[in-house]
Amino acid sequence: MTILCVRFQLPPMYEAALPELLGLLEEFTPVVEALPPDAALADLRGAERYFGRSAVELASVVRVRALARYGVDCAIGAGPGPMLARVALRAARPGVTCAVPEDAVAEFLADRPVAALPGVGAATARTLDEYGLDTLGRVATAPLSTLQRLIGAKAGRELREKASGIDRGRVVPNAVSRSLTTERAFGIDELDPDRHRRALLSAAEEIGARLRAVEKVCRTLTLTVRYADRSAITRSRTLKEPTAHSAALTRAAYGMYEALGLQRARVRALALRAEGLTPAEEASYQLTFDPVDEKARRIEEVADRARARFGPRAVMPGALAA
């Protein structure tokens with residue numbers, strides 16, 4: 001086992017500490033890939049030889065240092081490859097490292113649900129479940145032609161390989177982020193839906209501005225609501241078209257929030273994550289003749305220039321609401 005997947009148990013108001021926590025992993029290896037907002041992959045092949053310890057033993061050192069320096073616990077998965085380490089992480093709990101034995105990968109995966117594989121969404125899992133392919137063991141032994149007929153040629157081949165424990169992934173240090181995250185934490189547990197919506201408006205405007213600054217658009221927006229009892233719920237929405245338009249992001253965030261039907265919920269923090277980032281020049285857009293939408297986009301351009309010249313606080317939250 002040479003790959004660790006670490007998820008830091010960060011309180012909402014301290015998620016900005018992730019870069020410092022990644023430094024703990026970089027004390028052992030330069031091959032560290034951030035998985036925002038709170039996780040990372042680390043390739044410890046060189047570290048195992050250098051320190052004369054296994055990846056699981058080094059994981060214990062990382063956990064102790066995270067607790068001692070930052071007061072942050074972490075859940076850690078270990079495996080022969082990145083995909084297997086991420087699967088192991090899902091079975092791990094804070095304070096414990098879950099390891100996939102290199103000589104027992106098939107046994108480890110066999111009884112796990114198909115959705116335990118990274119990249120397998122709810123729709124794919126439901127399709128496979130309808131045909132009795134509800135565990136990775138059953139997927140691994142299913143005829144390749146059956147899987148390809150159900151989910152497509154390339155996806156079927158890749159799924160069967162992963163379910164069989166074939167992990168072709170690698171840890172990419174300093175990889176370009178495929179997501180952007182921002183969070184709004186409340187000073188006290190907040191019950192007021194109007195304050196929730198204002199926080200979402202501010203977060204969506206920040207995400208939009210950051211996307212436009214790096215000339216990217218996102219395809220998916222994810223909302224995470226953290227409650228007073230430290231539980232959380234996450235919802236994702238695929239946008240009608242890739243966008244960095246703050247008004248479109250705000251509408252999507254409001255839609256997910258309203259679909260939760262929260263009543264008297266004590267909310268500690270709200271987070272938005274833009275995923276599926278692609279260069280803006282590669283995205284296609286549906287033409288619009290809505291003068292309100294065009295006006296909002298022109299206002300965004302002016303606001304972005306103001307931020308670039310005077311700093312991020314040059315535009316008040318809510319100023320771009322459409």
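Among contacts in the protein between residues at least 6 apart in sequence, what percentage join residues at least 24 apart? The share is 66%, where contact means heavy atoms within 4.5 Å.

1. Basis. This is a predicted model, in which local features need pLDDT of at least 70 and side-chain atom pairs count only at pLDDT 80 or more, while totals for chains, interfaces and linings use all residues. Residues are numbered from 1 along each chain as its sequence is written, and side-chain values use heavy atoms, with hydrogens and water left out.

2. Overall figures. The protein has twelve helices and ten strands; these are DSSP runs numbered from the N terminus, with helices being H or I of at least four residues and strands E of at least two. Of its 322 residues, 45% count as buried. Buried means under 20% relative accessible area, exposed means over 50%, and partly exposed lies in between (1.4 Å probe, protein chains only).

3. Strand S3. All five of the five residues of S3 (residues 39–43) are buried, so the strand is largely enclosed by the rest of the structure. Both of its faces are covered: Ala-39, Leu-41 and Asp-43 are buried on one side, and Ala-40 and Ala-42 on the other.

4. Partners of S3. Strand S1 (residues 3–8) pairs with S3 in the antiparallel sense over five bridges; two strands pair if DSSP finds at least two bridges between them. In this pairing Val-6 stands opposite Ala-40, and Cys-5 stands opposite Leu-41. Strand S2 (residues 32–35) is also antiparallel to S3, over four bridges, with Ala-34 opposite Ala-40. S2 and S3 form a hairpin that has three residues between the strands.

5. Strand S1. Five of the six residues of S1 are buried, so this strand too is largely enclosed by the rest of the structure. Six bridges join S1 to strand S4 (residues 74–79), and the two run antiparallel. Leu-4 stands opposite Ala-78 in S4.

6. Nonpolar cores. A nonpolar core is a set of buried Ala, Val, Leu, Ile, Met, Phe, Trp, Tyr and Cys residues joined through side-chain atoms within 4.5 Å. The largest has 31 residues, and Phe-108, Leu-109, Leu-117, Val-139 and Leu-159 touch the most other members. Each of S1, S3, helix H4 (82–91), helix H5 (105–110), helix H7 (136–141) and helix H9 (153–163) supplies at least two residues of this core. The most come from H4, which gives six residues. A second, separate core of 30 residues includes Tyr-227, Ala-253, Met-256 and Ala-265. In soluble globular proteins, nonpolar side chains tend to be buried together.

7. Leu-109. Leaving out residues up to four places away in sequence, Leu-109 touches Leu-84, Val-87, Leu-136, Gly-137, Lys-162, Ala-163 and Gly-165.

8. Cysteines. Cys-5 is buried, with a relative accessible area of 2%, and Cys-218 counts as buried at 0%. How many disulfides are there? The count comes to zero, a disulfide being a pair of cysteine sulfur atoms within 2.5 Å.

9. Glu-33. This residue lies in strand S2. Glu-33 is buried, with a relative accessible area of 8%, and its side chain reaches the backbone nitrogen of Val-172 at 3.0 Å.

10. Arg-45. Arg-45 is found in helix H2 (residues 45–51) and is partly exposed, with a relative accessible area of 48%. A polar contact of 2.5 Å joins its side chain to that of Asp-43. A polar contact is a pair of N or O atoms within 3.5 Å; within protein, one must be able to donate a hydrogen and the other to accept it, and residues adjacent in sequence count only if both atoms are side-chain atoms. Arg-45 and Thr-2 are 43 residues apart in sequence, and 5.3 Å apart in space from C-alpha to C-alpha.

11. Arg-264. Most residues other than glycine have a negative phi. Phi of Arg-264 is near 55°, a positive value in a residue other than glycine. Arg-264 sits in the loop between helix H11 (246–259) and strand S9 (267–275), and is exposed, with a relative accessible area of 67%.
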